[in-house]
Amino acid sequence: QVQLVESGGDSVQAGRSLRLSCAASGNLRKMNGVDWYRQAPGKQRDLVASITSYDKRTYADSVKGRFTISRDNARNTVHLQMNSLKPEDTAVYYCKAQIVVLNGTRIDQYDLWGQGTQVTVSS
């Protein structure tokens, strides 16, 4: 079994920073691409940032220049550094990772979601 756990969410004032982490544990070989999403109350879940296994990074326009996604492959962890936070960044942040596992002699991969971490930014 593989688990994906987000952490680092908090309540902060506008202009401050937070660093979210998304850590995979269990019987996995590695994580490939990882995405961070966020969902505000009453709104759809939106893609915020992505990082591939080759370290290619993409960002939503709303967070470009403020958020940075990075990965630590040795620890199966992906971080989302969020600077200059705004009230409109308030949401539950979720990570989704493509997990690679060894199933007998076969290599399988599947998408796994974490449980989410709350970020609240006050003005």
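Mentor: Happy to. Let us begin with a definition: the radius of gyration is taken over C-alpha atoms, and the globule rule is 2.2 Å times the number of residues to the power 0.38. For the 123 residues here, that rule puts a compact globule near 14 Å, and the chain has 15 Å, which agrees. Please keep in mind that this is a predicted model.

Some background before we zoom in. The C-alpha trace spans about 55 × 25 × 25 Å along its principal axes. The chain has 0 helices and 11 strands, so its pattern along the sequence is simply β-β-β-β-β-β-β-β-β-β-β. Of the 123 residues, 40% are buried. Among contacts with a separation of 6 or more, 57% are between residues 24 or more positions apart.

Now to the rings. The structure holds 2 aromatic pairs. In one of them, Y37 and W113 are tilted, with 5.0 Å from centre to centre and 50 degrees between the planes. This pair links distant parts of the chain: Y37 lies in strand β4 (residues 30-39) and W113 in strand β10 (residues 106-113), 76 residues apart. Y37 has a relative accessible area of 15%, so it counts as buried, under the 20% cut-off. W113, at 35%, is partly exposed.

Y94 is buried, with a relative accessible area of 13%.

For the wider setting, turn to a sheet elsewhere in the chain. Its 4 strands run in the order β1-β3-β8-β7, and the sheet is open with antiparallel pairing. β1 (2-7) and β7 (67-72) are at the edges with a single partner strand each, so one side of each has no neighbour in the sheet. From one strand to the next, the twist averages 15 degrees.

Within that sheet, β1 and β3 run antiparallel and are joined by 6 bridges, and E6 has C22 in β3 as its bridge partner. Strand β3 (residues 18-26) also pairs with strand β8 (residues 77-82), again in the antiparallel sense and over 6 bridges. There, S21 stands opposite H79 in β8. In a regular strand, side chains alternate between the two faces of the sheet. You can follow this along β1, where V2, L4 and E6 make up the covered face, while Q3, V5 and S7 make up the uncovered one.

How values were computed. Residues numbered from 1 in each chain as written. Predicted model: local features only at pLDDT ≥ 70, side-chain atom pairs only at ≥ 80, totals over all residues. Heavy atoms only, no water. Pairing = 2+ DSSP bridges. Helix = DSSP H or I, 4+ residues; strand = E, 2+ residues; numbered from the N terminus. Axes fitted to C-alpha atoms, helices over the stretch in contact; angles between N-to-C directions. Phe/Tyr/Trp six-rings, centres within 6.5 Å; stacked < 30°, edge-to-face > 60°. Buried < 20%, exposed > 50% of the residue type's maximum accessible area, 1.4 Å probe, protein only. Contact = heavy atoms within 4.5 Å.
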